[in-house]
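Please look through the two-chain structure below before reading on. The report that follows takes single residues and then the contact between the chains.

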Amino acid sequence: MSALVTLDAVSVRARGEAALENFSLAIAPGETVVLLGEPDCGKDEILQLLAGVPLKAEIAGTIRIRDGQAERAARFRGRGLRTAYLAGPYAQPFSPHASVAAQAARVIARKLDAPRPSARAEFGAALERLAGAPPLATFDALPGALGPEMLAWGLFAAAFAGTPDLLLADDPLSRLSPTQARAMAALLQAEQKRLGFALVYAAMSTEVVRWLGGRIVVLRHGKVVEEGPLSRLATAQAHAYTRTLFRAAPSLTLDAEKPRSQSRAEPVLQVHALEWRKNLEPRETVTFELRRGRALAFVGEKGSGRHALMRALLGLERVEAGHVVLDAVDIGILSEGMLMRLRRRVAFVTGSDEALDPRMLLWDTVTEPLRAHLRLPRGVIAESREAALKRVGMAGLKGDVPVAALSPFDRRRLQVARAIVGAPLLAVIDEPFHGLDAFAQSVMRDLLREFRESEGPAFLVITSDVAVAQALAEDAFVFAGGRIVERGSLAGIVKAPKAPQTKRLIEAVRPQETLSPPPSGG
Amino acid sequence: MSAAAETRVSPGLRTAIRAAGLSGLALIAIAVSLTDVIARAPADAVGRGPPLTPPSAAFPFGTDILGRDVLSETAHALTVTLANSGAALAVALAAGGFAGFLAARLPFRSGFVLRWAMGIFAAIPALLLAVLIVGIGGRDLWAVAAGLAAAPAGFVRAFDRARRLSAAPHAEYARASGIPASTLLKRDLVHEFRDTFLSIAARGLAAVAITLSTVSFFGFGAVPPHRDLGLMIAAARPTYLAAWWTAGFPALVLVLLILCARLAAALEEGERP
């Protein structure tokens with residue numbers, strides 16, 4: 001069978017640097033091709049070229065649709081090919097001023113050359129076909145009122161409703177929890193089987209690669225490092241880079257040893273019969289202790305109650321009953337001012353790119369906890385700043401760079417540097433690897449482990465990924481529906497989960513497992 | 001112009017517009033500092049030439065009905081307008097933007113009560129407010145009145161912006177890790193004013209210059225011999241149709257002042273209250 005699209009010796013040179021070198025690829029109808037690599041490896045350029053987006057770059061090579069004439073890649077605008085695009089986690093594909101349904105209907109109408117009401121009906125039908133998708137009426141809201149999961153449903157349905165020949169995906173699953181991402185990957189494969197479109201998925205994480213299967217093209221600095229089917233690349237990588245890539249991201253260890261008994265370090269957090277959810281019947285309380293240097297993970301899906309408990313522990317929400325003792329002080333008897341002072345000993349490292357003030361400069365961001373709480377000589381502050389930035393590998397960056405200009409990975413490392421400077425007793429680590437590529441995840445994991453070992457804060461890890469919890473903590477509470485459904489050592493929970501919700505969370509990140517193989521070669 | 005509309009102007013073009021506006025304001029400031037050189041007669045000096053002489057080599061801007069040199073009068077009037085605009089701008093910034101920023105951090109609902117009250121005043125045209133304040137406080141307060149009249153809109157804008165900043169995720173995280181409110185206020189003030197002070201001030205200058213001149217035009221502002229541009233235009237009303245230069249040149253200078261201020265603000269109008 002002839003290829004749907006053929007890229008032949010395509011090169012892209014932007015701002016004097018090679019973004020893609022001599023790249024060739026033939027995509028068969030119904031095939032899955034995963035472009036795997038770090039940011040700036042060339043996968044973005046390939047997606048943009050296939051989408052027919054004009055690039056401000058020198059472009060060489062040709063692109064051919066089916067058996068047609070080869071077109072110069074620089075002039076390729078995707079004529080004769082029905083393409084759909086699933087935007088990446090950092091893109092904002094929807095305008096904030098119109099409802100998601102209206103925007104989706106507009107795109108579908110253009111693709112199908114159909115009137116707007118029919119396009120809206122197609123969008124609704126596509127949603128109905130996706131098991132678990134919310135109803136059409138949900139998408140009559142503005143994008144700002146919908147969360148990332150809802151927007152992902154909308155994007156997927158809009159893409160499928162356009163009945164594409166080629167679906168281009170810029171890692172839309174990377175911001176979802178593993179359970180949601182895996183479910184979406186399964187839906188993607190089911191729709192691919194039904195509609196027969198070819199899928200080109202640009203991935204940063206090897207997890208997605210395992211779920212989608214197909215042909216993997218590993219890229220680095222615009223060049224193909226290795227190429228082959230998942231069955232080979234996931235187990236026997238020929239190139240050291242591919243091997244490192246597959247091993248870099250945190251993965252679940254099913255037979256991990258149970259850690260030795262708790263250290264006798266002083267308690268940072270003591271919780272006694274805390275009732276943290278209002279109007280929950282039957283009432284539920286929690287009692288536990290977290291000591292210095294230990295790490296406890298709150299594992300569960302978004303909305304499962306993890307953040308509600310964390311907010312109650314820090315005194316950010318009023319609790320119904322019980323006591324929280326933070327650094328030997330019962331926070332229930334403190335005024336708001338005293339509580340603020342106590343919270344100086346708490347640091348945050350989160351997967352949210354909005355956790356740091358984008359207007360602040362790099363150096364100011366790092367030193368703010370010191371300047372806000374202590375009157376230290378400038379020299380001492382500068383020394384702490386330099387030491388912290390050196391530890392996270394950012395000492396070489398200019399101090400007057402605004403946070404807004406930093407990459408997501410740099411912002412994440414900056415949060416660690418800020419936490420180091422603050423010398424906290426308790427560090428809240430909230431989805432620290434979200435949206436990062438495999439290498440960045442590996443670096444972050446090492447930085448956080450080193451931070452905990454050297455400074456000795458207690459870690460409160462909040463995540464929906466059991467593998468991340470296992471990489472950073474020893475014990476865990478598993479949350480579902482506002483309750484703690486399971487608790488204990490992570491090794492024990494992973495080895496023998498009891499609650500069905502725990503089993504689902506573990507299933508989502510179980511290693512060396514792929515979903516049913518997608519259709520290959522049409 | 002809304003934020004979305006502002007994005008249509010490329011950063012390079014915006015910088016060029018701003019530079020042109022600032023250069024114009026700098027030239028106006030130089031002209032004001034050289035008033036004694038440019039003006040060949042003291043302010044309000046009558047009988048300097050034959051009445052209603054058209055522009056000529058002897059009188060480049062002509063003379064008015066009392067034989068005053070229009071060039072000298074315009075130079076003096078520009079100085080008065082600019083000085084009073086500066087004072088009014090300071091009042092507008094302090095009672096408007098800065099106060100709004102602080103009010104957003106007042107405890108309980110007191111900030112919202114102030115925001116509500118200021119919202120009502122912001123709905124009244126600044127000119128009417130200025131006339132009202134002059135009527136209550138007297139003519140000597142006309143510059144302060146123009147500043148106070150421009151303040152409510154700035155207050156509302158600053159208040160809303162500060163509330164949005166206060167609810168931003170980065171502020172929530174900062175509070176959750178014990179960063180005090182004073183540090184957050186300092187952070188917002190430094191960054192908001194560092195990035196936008198020039199635009200706010202330039203926009204405010206244009207607004208208060210219009211209000212001041214109009215108040216004077218109605219006869220509630222400047223008093224001879226310290227005439228400003230608005231009063232000069234008002235005084236030329238009986239002769240304007242026969243001798244255009246008597247009001248044309250002061251009006252042109254006023255337009256230039258406002259245009260340069262608007263260009264220095266890169267033609268941004270800020271967020272609508």
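Arg66(A) is partly exposed, with 34% relative accessible area; the term covers values between buried (under 20%) and exposed (over 50%), taken with a 1.4 Å probe and protein chains only. Arg66(A) sits in the loop between β4 (58-65) and β5 of chain A. Its phi is near 45 degrees, a positive value in a residue other than glycine. Helices (H or I, at least four residues) and strands (E, at least two) are DSSP runs, numbered from the N terminus.

This is a predicted model, in which local features need pLDDT of at least 70 and side-chain atom pairs count only at pLDDT 80 or more, while totals for chains, interfaces and linings use all residues; side-chain values use heavy atoms, with hydrogens and water left out. Residues are numbered from 1 along each chain as its sequence is written, and chains are lettered from A and ligands numbered from 1 in the order in which they are written.

**Single residues**

The table lists relative accessible areas for some residues.

| Residue | Relative accessible area | Class |
|---|---|---|
| Ala73(A) | 2% | buried |
| Glu226(A) | 6% | buried |
| Thr183(B) | 17% | buried |
| Asp44(B) | 24% | partly exposed |
| Ile30(B) | 46% | partly exposed |

Ala73(A) belongs to the loop between β5 (71-72) and β6 (83-86) of chain A. Leaving aside neighbours within four places in sequence, Ala73(A) has contacts (heavy atoms within 4.5 Å) that include Val10(A), Leu49(A), Ile59(A) and Ile63(A). From Ala73(A) to Gly52(A) the C-alpha distance is 8.8 Å, and the two are 21 residues apart in sequence.

Glu226(A) is part of strand β10 (residues 223-229) of chain A. A polar atom of the Glu226(A) side chain lies 2.7 Å from the backbone nitrogen of Ala238(A). Not counting residues up to four places away in sequence, Glu226(A) touches several residues, among them Ile216(A), Arg232(A), His239(A) and Thr242(A).

In chain B, Asp44(B) lies in the loop between α3 and α4 (70-103). Phi of Asp44(B) is near 60 degrees, again a positive value in a residue other than glycine. Pro224(B) and Pro225(B) are joined by a cis peptide bond, with omega about 10 degrees. Pro225(B) is in the loop between α9 and α10 (229-235) of chain B.

**Where the chains meet**

How many residues of chain A are in contact with chain B? There are 22, and they contact 16 residues of chain B. The area buried between the chains is about 1,700 Å², with carbon and sulfur atoms giving 57%; buried area is the accessible area (1.4 Å probe) that two parts lose on being put together, summed over both.

Three salt bridges are found across the interface of chain A and chain B, each a side-chain nitrogen of Lys or Arg within 4 Å of a carboxyl oxygen of Asp or Glu. One salt bridge links the side chains of Arg187(B) and Glu368(A), at 2.5 Å from N to O. On the side of chain A that touches chain B, β16 (346-350) and α11 (362-373) each supply at least two residues. The largest share of that side, four residues, comes from α11(A).

Thr183(B) is in helix α9 (residues 181-217) of chain B. Thr183(B) touches Glu368(A) and Ala372(A), not counting residues up to four places away in sequence.

Terms used
A polar contact is a pair of N or O atoms within 3.5 Å; within protein, one must be able to donate a hydrogen and the other to accept it, and residues adjacent in sequence count only if both atoms are side-chain atoms.
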